[in-house]
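Please read the points below with the model open.

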Amino acid sequence: MSKVDFLVIESNEARAESILSALHFLGYHPQRGEDCTAVEESTHAWRAVYVGTVEDAAAAERQFALLGDAASHVPVLLASDSAWASRLCAASSPFAARIGMVEFPLRYEQLAEVMRSLYARLLGGRRGELRFVGESAPMRRVNALIRQVAPFDSSVLVLGESGTGKEMVARTIHECSPRRDKPFVAINCGAIPAELLESELFGHEKGAFTGAISTRKGRFEMAEGGTLFLDEIGDMSLTMQVKLLRVLQERMYERVGGNKTQRCDVRIIAATHRNLEQAIAEGKFREDLFYRLSVFPLEMPALREHLDDLPVLIGEFNQRLARRGLGSVRFSAGAVNALHQYAWPGNVRELCNLVERLAILYPHGEIRASDLPEKYRGRQAVEEVQGSSLLALMEGAPMIAPVAAAAAPDATVLPEGGLDLKDHLADIEVGLIRQALDITGGVVAHAAKLLHMQRTTLVEKLRKYGLQNSLAA
């Protein structure tokens, strides 16, 4: 029987098809709980469970029981409107600390990000010891600030560019806090229309507005006793800012359409990539709310400010990929040097996506600079052309005087941190061999002539670098 590692509990056929397709695309092996009854227990290696629409509670309970002992530790992907939301997110629920919420219509990017966040939350072994990967001074400072603020209930405002790991900061603070056994609930204030955000935060009563067919809890209620993470708080409308400020001041709120006041005990962590002080000056953000949120501001450094952490970050992402069943990849010194020259506008998230992309293209292989997507190679293309004279000397052939050398004479300057010369020359060699094969349509004999080497020597190099797939059929 085929491997099944993601249990899907969903009564709605259209939603079930959507979630199954998305999980397959992410590399999982999902199966609906109602189809798993005949699967032998030995075929299960449960890695997660999805809970969505539940029409038959008894049937859903039987399906959930398929998890067995895995129910004590697997992450839970939960549809935000699931009938089981209140049960799984309750303060007393053992699942509350490992729940990721998804919205429908389902989007691949949203699901991928939720799954990354879920597994990131479970990294690092025992609770209270979670920390950000990196040994650079900026990351040591971030870890120190997290340890300082985690034990207290002070509001935290996490600042930084998109992709720097602001939600990871919030989750780590929660996991290192006394609230770690209570829910961590996240909401993106910029992704929800202003007219719906109040209901999402505070919940609503049945009949409160068109479409409110039942009473629904809001994120404040779901996070009771735990932590509420307000992502992209800078995108919240001024009207909602006023309502949020009241809750932060009085610790009380009412559901939309209701008149019963409910007290709340939640820790607030907010995040934004915007300059809130500038937004205040422009009249787009309330100054009093800003001071309520920024009791303890924590700024995440951009990746370009701690490039020394690239190798350890790549290693961390490789471990995550391995847990998902993907092959890890190794980066040569030349490839890492090329990545050091890139600006990283997408920060750590962009690096994570790059490692995953290369792991799909070159599973268990070594990534050289020439294997990187073009925008990440930096000056590598120029260096490969300049390296042709070195290759000619290595092969005992006449020197080639490249025109490009005059255009960028500083491209051969030794990097400040040095480099592995053997790997660097190998990168150059692979790049030139590939160019020769491209020019000659993959004909080895013609490519060998262009490179001024024996055909047998080129064949050996093709075998050495695993370039046989570049040959003509």
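1. Arginine 15 counts as buried, at 18% relative accessibility; buried means under 20% relative accessible area, exposed over 50%, and partly exposed in between, with a 1.4 Å probe and protein chains only. Its partner is aspartate 81, and the closest N and O atoms of this salt bridge are 2.8 Å apart. A salt bridge here is a side-chain nitrogen of Lys or Arg within 4 Å of a carboxyl oxygen of Asp or Glu. Arginine 15 sits in helix H1 (residues 13-25) and aspartate 81 in the loop between strand S4 (76-79) and helix H3 (85-89), so the pair ties together parts that are 66 residues apart in sequence. Aspartate 81 is partly exposed, with a relative accessible area of 44%.

2. On the source of these values: this is a predicted model, in which local features need pLDDT of at least 70 and side-chain atom pairs count only at pLDDT 80 or more, while totals for chains, interfaces and linings use all residues. Residues are numbered from 1 along each chain as its sequence is written, and side-chain values use heavy atoms, with hydrogens and water left out. Helices (H or I, at least four residues) and strands (E, at least two) are DSSP runs numbered from the N terminus.

3. A second salt bridge joins arginine 255 and glutamate 221 (2.9 Å, N to O). Arginine 255 is in the loop between S9 and strand S10 (262-263) and glutamate 221 is in helix H8, 34 residues apart, and the pair links distant parts of the chain. Buried or exposed? Arginine 255 is buried, with a relative accessible area of 14%, and glutamate 221 is buried at 16%.

4. Aspartate 288 and arginine 286 also meet in a salt bridge (2.7 Å, N to O). Aspartate 288 is partly exposed, with a relative accessible area of 33%; arginine 286 is partly exposed at 30%. The count of salt bridges by this rule is 25.

5. Glu103, Glu200, Arg216 and Arg219 form a network of salt bridges. Glu200 is also one of the buried residues of helix H7 (residues 194-202), along with Leu197, Ser199, Leu201 and Phe202. The cover over the buried residues of H7 includes strand S7 (184-188), helix H8 (219-222), strand S8 (227-231), helix H9 (238-250) and strand S9 (252-253). Glycine 203 follows H7 and has a positive phi, near 80°.

6. How do helix H18 (residues 421-439) and helix H20 (residues 455-465) pack, and at what angle do their axes cross? The axes come within 11 Å and cross at roughly 115°; they are lines fitted to C-alpha atoms over the stretch in contact, with angles from 0 to 180 degrees between N-to-C directions. H18 contributes Ala426, Glu429, Val430, Ile433 and Leu437 to the contact, and H20 contributes Leu458, Lys461, Leu462 and Tyr465. Contact means heavy atoms within 4.5 Å. These residues divide into 7 nonpolar, no polar and 2 charged, where Ala, Val, Leu, Ile, Met, Phe, Trp, Tyr, Cys and Pro count as nonpolar, Asp, Glu, Lys and Arg as charged, and the others, Gly among them, as polar.

7. For the whole chain, there are 20 helices and 14 strands. Buried residues make up 51% of the 473 residues. Of the contacts with a separation of 6 or more, 72% are between residues 24 or more positions apart.
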